[in-house]
Amino acid sequence: MRRYLPYLAPLMLVLMLVVACEGGIVNLSGDLVSRAAFESGCDYVDADTARIWVNAADAGWADVHYRVNSGGQLNVRMNREGTYFWYDVNGLSEGDVIDYWFTIGFNAGAQDTGWYSYTHTAGGSTPTPTPPPSGDWVLIWSDEFEGSSLDTSNWTPEIGGSGWGNNELEYYTDRPENIQVSGGYLQIIARRESYGGMNYTSARLKTENKVYHTYGRIEARIRLSRIGMGLWPAFWMLGNNFSQVSWPACGEIDIMEHINTEDVVYGTIHWDAGGYASYGGNISPVDVTQWHVYSIEWDASSIKWFVDGVQYHEANIENSINSTEEFHRPFFILLNVAIGGNWPGFTIDDSIFPVTMYVDWVRWYQR
Ligand SMILES: [Ca+2]
Ligand SMILES: [Ca+2]
């Protein structure tokens, strides 16, 4: 069963570092064939799925060996994407215990890790199909996130750790560590890791110059795996003339924003009225760790904000009142999870990571 007995001696060092994985990253700096550091962990994926993963840049392959509730040991080769290996364990229930270890293969040999234990937490309800809105809405575009990769005809991942105008603390990447499409969902995964000079990584996707229209009903079905200090997930829009006129002259429509541990969801517009202007509303209580549909209805007269079909805010843009001509031009869509920044502040709860924003779908209707 154990094919790599010669490597058990350095393994003993690693075993000293093994801790129970409660959905977070386990960082190991063990003597992996005297050269490689790696990190590994288990992650909440959905109500009945856990992801076991390892990030080992120099590894040629990685296997996972696991048993559920002390029975049915399985040994499987993990999938590889970049430096990242993963395997999904399906059919889990709340409270199931997965015991697992990794074998990681390098040119010089292979290395076993040791046993980890993960207790599954089924934190969300199972998504159900959502009917289209009533009335005369016609679907003009959607991404249902079926399949196993991001549809780059719709989305461009943004890269970098510039702070993004808000002094944000994350570095956005397009790596599978931060962006996954599987199980019918887009997953934006925020992590505590050093990368590009920043201490956190995450992802930010946009449809700029790919999907952009004027007016309509724009909505998405979203759930966060957890909330915590420093988290700032958003589903929002910018004017597609952003690269020509910059912000705020392009206009911004925030369909859903959430910060920290609040039970509040915010909807806001930002624009140029001879100087920066904004107008926002909010709704509470909303538990963003449950599935909700976040929507706007936007026409020549107004923008209205909804959670699960309940309106909570409205902005008048008729005849470009208050210099709102920005909102009579095409907009594109963004999805991101920021860590820290001027709005949520700079107190970050490092115990919450990784945190995943699940997006079941994004749909754009017009009439
Ligand atoms: Ca204006
Ligand atoms: Ca979906």
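Predicted model: local features only at pLDDT ≥ 70, side-chain atom pairs only at ≥ 80, totals over all residues.
Local features were considered at pLDDT of at least 70 and side-chain atom pairs at pLDDT 80 or more, while totals for chains, interfaces and linings use all residues. Residues are numbered from 1 along each chain as its sequence is written, and chains are lettered from A and ligands numbered from 1 in the order in which they are written.

The chain contains two helices and 28 strands; helices (H or I, at least four residues) and strands (E, at least two) are DSSP runs numbered from the N terminus. Of the 367 residues in the chain, 42% are buried. A residue is termed buried if 20 or more other C-beta atoms, placed from the backbone, lie within 10 Å of its own, exposed if 12 or fewer do, and partly exposed in between. Two residues are in contact if their C-beta atoms, placed from the backbone, lie within 7 Å. Among contacts with a separation of 6 or more, 67% are between residues 24 or more positions apart.

A nonpolar core is a set of buried Ala, Val, Leu, Ile, Met, Phe, Trp, Tyr and Cys residues joined through C-beta atoms within 7 Å. The largest such core has 66 residues, and Met237, Ile255 and Val359 have the most contacts inside it. Beyond its neighbours within four places in sequence, Val359 is in contact with Phe145, Tyr185, Leu186, Ala220, Ile222 and Leu335. A second, separate core comprises 24 residues, including Ala50, Ala62, Val89 and Tyr116.

The loop between strand 27 (331-339) and strand 28 (355-366) holds Ile348. Ile348 is classed as buried because 21 other C-beta atoms lie within 10 Å. Neighbours within four places in sequence aside, Ile348 is in contact with Leu169, Met229, Gly230, Ile339 and Gly340. The C-alpha atoms of Ile348 and Leu231 are 7.7 Å apart, with the two residues separated by 117 residues in sequence. Pro354 is also in the loop between strand 27 and strand 28, and the peptide bond from Phe353 to Pro354 is cis, with omega near 0°.

Most residues other than glycine have a negative phi, and most peptide bonds are trans. A cis peptide bond also joins Trp247 and Pro248, with omega about 10°. Ser246 is exposed, because 11 other C-beta atoms lie within 10 Å. Ser70, in the loop between strand 4 (61-68) and strand 5 (71-77), has a positive phi of about 70°. With 8 C-beta neighbours inside 10 Å, Ser70 is likewise exposed.
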